[in-house]
Amino acid sequence: MQSYQGFEQGPIRPPSEADSLLLRVTRNCPWNRCTFCSVYKKQKFSTRPVADVIADIDSIHRFITQMQEGHDSRIEPAENLSPSEWSAFVAARNWLAEGMHSIFLQDADSLVIRPENLTAILRHIKMRFPQVERITSYARSESVARISDGNLAEIAAAGLNRIHIGMETASDTILQMISKGASKGIHVSAGLKAKAAGIELSEYVLIGIGGREFSREHAIETADALNRINPDFIRFRTLHLMDSVNLFAGSEDYSYQWTQDTVQAEEILLLLEKLEGITSTVKSDHSYNLLQEIDGTFPNDKLRLLAILQHFTGMSPRDRTIFQVGKRSGHFIRLSDMENSGRWKQVEEMCRQSGITPENVDEKLHEMIQERMRRGMFF
Ligand code: SF4
């Protein structure tokens, strides 16, 4: 077995974990076959030894203790640090500044490791940092569905209190075409198991994943699965993909056709309409999303959320174009930002200079997003 390589952190975390300490339990993704996902492509999956994760936790604890004894979170390390120790020091300093409330276990699926190993890591975290209120992780439905109810209850009792699952869709047709490695049944089973164990559940839904052909099926099947699970959070992400990616690689009959903003808004509208009998909080908390103001809890906020979608789809083509361009250029975040006449004029001028009209806005934005992705830029 390889000896300890020092403190490690992986490449990504959910936006909601911005203030969390990131602890790497595994490297990369044990599945790594979803056609839309490039995060870990060409990276080999491995499980970090429990002793290494515990060594990381102890490093963070040592630096936190030093900083607290120095009564100054700006303190510089008292010793010469190696690059990995320096990473641990910076992580500890940032986490201390954020109040040390939450920890996120990386990378793509911490639930894939042996339950007793995960429990040992969680107990060590709780022993070192008893004040931590939330420990969370990404998990694949398939991994959660395979864990026994007893083991999942032990994991929850040891401290894991939220998991983020990439459902993407509950349409079996699409799941098979995108090689998700899960079915609607597995998604529902995993979600229900997590909830029964007392673990808070975030389900991620990928808007646009069905393309134009399967948009309605995506909305209807996904809403049905979410109604059965009643997760704590439903979080929307929007699919943006390079045209060169063969999204429906698992199908010989269909090729993916990217969806316009109006199709995506209709998709979200249908999905929200079909959500019934749940108490989930729905969020659109990513800057990629066109309508980030979708944020509310069922059932009370359902009509308000539907009204946001109806407002967008019911706009005149010209107003809708202004919002689409204004959102993507950073002039608007919410629909009500269009009431700012100064910003409206700036966006209108931008459209005029770039030749953007209601007839070509989707093509132009698609080209712009492709160009940004080619350059590795986020928007
Ligand atoms: S399971 Fe998640 S991280 Fe792994 S390939 Fe699929 S989307 Fe990417």
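A residue is called buried if 20 or more other C-beta atoms lie within 10 Å of its own, exposed if 12 or fewer, and partly exposed in between, with C-beta atoms placed from the backbone. The model is a predicted one, in which local features need pLDDT of at least 70 and side-chain atom pairs count only at pLDDT 80 or more, while totals for chains, interfaces and linings use all residues. Residue numbers start from 1 along each chain as its sequence is written.

Glycine 150 counts as exposed because it has 10 C-beta neighbours inside 10 Å. It sits in helix H5 (residues 149-158); helices (H or I, at least four residues) and strands (E, at least two) are DSSP runs, numbered from the N terminus. The C-alpha atom of glycine 150 is separated by 8.5 Å from that of alanine 197, 47 residues apart along the chain.

Strand S7 (residues 200-207) pairs with strand S6 (residues 160-168) in the parallel sense, over six bridges; two strands pair if DSSP finds at least two bridges between them. In this pairing, arginine 162 stands opposite glutamate 200, and glycine 166 has tyrosine 204 as its bridge partner. Six of the eight residues of S7 are buried.

S7 also pairs with strand S8 (residues 233-238), in the parallel sense over six bridges, and here tyrosine 204 stands opposite arginine 235. From S7 the chain crosses through helix H8 (residues 215-229) to S8 in a right-handed β-α-β crossover: with the strands pointing away from the viewer, the path from the first strand over the helix to the second runs clockwise.

These strands belong to an open sheet of eight strands with mixed pairing, in the order S1-S4-S5-S6-S7-S8-S9-S10. Its edge strands, S1 (21-24) and S10 (295-297), each pair on one side only.
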